[in-house]
Amino acid sequence: EICKGVNGLDKVVLREVRGSSAEVYLYGGHVTSWRNDHGEELLFLSTKAIFKPPKAIRGGIPICFPQFGSHGNLDQHGFARNRFWSIDTNPPPFPTVSTNKALIDLIFKPSEEDLKTWPHSYEFRLRITLGPGGDLMLTSRIRNIDAKPLSFTFAYHTYLSVSDISEVRVEGLETLDFLDNLKAKERFTEQGDAITFESEVDKIYLATPTKIAVIDHEKKRTFVLRKDGLPDAVVWNPWEKKAKSMADFGDDDYKHMLCVEAAAVEKVITLKPGEEWKGRLELSAVPSSYRSGQ
Ligand code: BG6
């Protein structure tokens, strides 16, 4: 189902028979909404999000490609998040045949203009699937169709919706090394045994496990992120001061969001001519009691 979203931008709505849904804007190939079968929104979208190119939409799941953050000469987080993607009517086969109808295949190819800023030819295919239990899956496949190597960094910049950031705990990143963006990307090792939040955080955890849990105590909800092909995980919350400095971020919005981003940052991905890379993110949201017996 394709329809008009904010400011007349095209969006695709995915609906799963049991009631969960997702919305994907062709602008940015950007998931802006993911609801469970009770209709509850699971992704954060800024109260001041600007749905107007060239600004990337603040919230949901922006795609950072071909550069994560300021790790290169391109604009922050690359340009895929502020380009118009197309529906891929003829996606190459996936290894597992899916009978699931709640999916959409998108494709992004660089324009002449893009080739001037970043002279590389590639095809970026993105499949977004809503699973039978309401899980949200994103699979990116990037193929180098140039005669020279293609190097990039990447992130699914997932903004999770939480009831109160002070009541949130992240599991799966304890004792890992991280680069701290607030301290000139210096390398540290996480000391505490649980990751909680009381001030601005902007860290790139390196070589993490494939499964990370975000526990929202107040909502009694646990998000489980599973990732594949994406060794790193970025954790970001701008907190009060930085939130106020961002035009598209509500002053109090920082209390209700946490970005946990499946990423490939430290080790640049390089594809030989003709080679393809695959990076996958699977998100599920379950009642905390279900998981921990509390
Ligand atoms: C995070 C970065 O992934 O994205 C932060 O680690 C950055 O440094 C944040 O501030 C938001 O970036 P942007 O470009 O969407 O404002």
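Visitor: What makes β1-β2-β3-β4 the order of an open sheet of four strands?
Guide: In this predicted model, the four strands pair in the antiparallel sense in that order. Strands are DSSP runs (E, at least two residues; helices are H or I, at least four), numbered from the N terminus, and two of them pair if DSSP finds at least two bridges between them. The edge strands are β1 (2–4) and β4 (30–35), each pairing on one side only. Neighbouring strands here are turned by 25° against each other on average, direction ignored; the axes are lines fitted to C-alpha atoms, and angles between N-to-C directions run from 0 to 180 degrees.

Visitor: How do you know that β2 and β3 pair?
Guide: Five bridges join β2 (residues 10–15) to β3 (residues 21–25), and the definition asks for at least two, so they count as a pair.

Visitor: What makes β6 and β12 edge strands?
Guide: Each of them, β6 (86–87) and β12 (168–171), pairs on one side only. They belong to an open antiparallel sheet of eight strands, ordered β6-β7-β8-β9-β20-β17-β16-β12. Four bridges join β12 to β16 (residues 211–216), with V168 opposite D216.

Visitor: Which residue of β20 is the bridge partner of L138?
Guide: That is L281, and L281 is also the bridge partner of K227. Eight bridges join β9 (residues 136–144) to β20 (residues 276–287), and β17 (residues 221–228) pairs with β20 over eight bridges too.

Visitor: Why is a set of residues called a nonpolar core?
Guide: The name applies because its members are buried Ala, Val, Leu, Ile, Met, Phe, Trp, Tyr or Cys residues joined through C-beta atoms within 7 Å. Buried means that 20 or more other C-beta atoms lie within 10 Å of a residue's own. The largest core has 76 residues, with V260 among those having the most contacts inside it. Strand β19 (residues 257–271) gives the largest share, eight residues.

Visitor: What does V260 touch?
Guide: Leaving out residues up to four places away in sequence, V260 touches T158, L160, V170, I212, V214, L225, A233 and V235. Contact means C-beta atoms, placed from the backbone, within 7 Å.

Visitor: How are the residues numbered, and which count?
Guide: Numbering starts from 1 along each chain as its sequence is written. As the model is predicted, local features need pLDDT of at least 70 and side-chain atom pairs 80 or more, while totals for chains, interfaces and linings use all residues.

Terms used. Buried ≥ 20, exposed ≤ 12 C-beta atoms within 10 Å, placed from the backbone. Contact = placed C-beta atoms within 7 Å.
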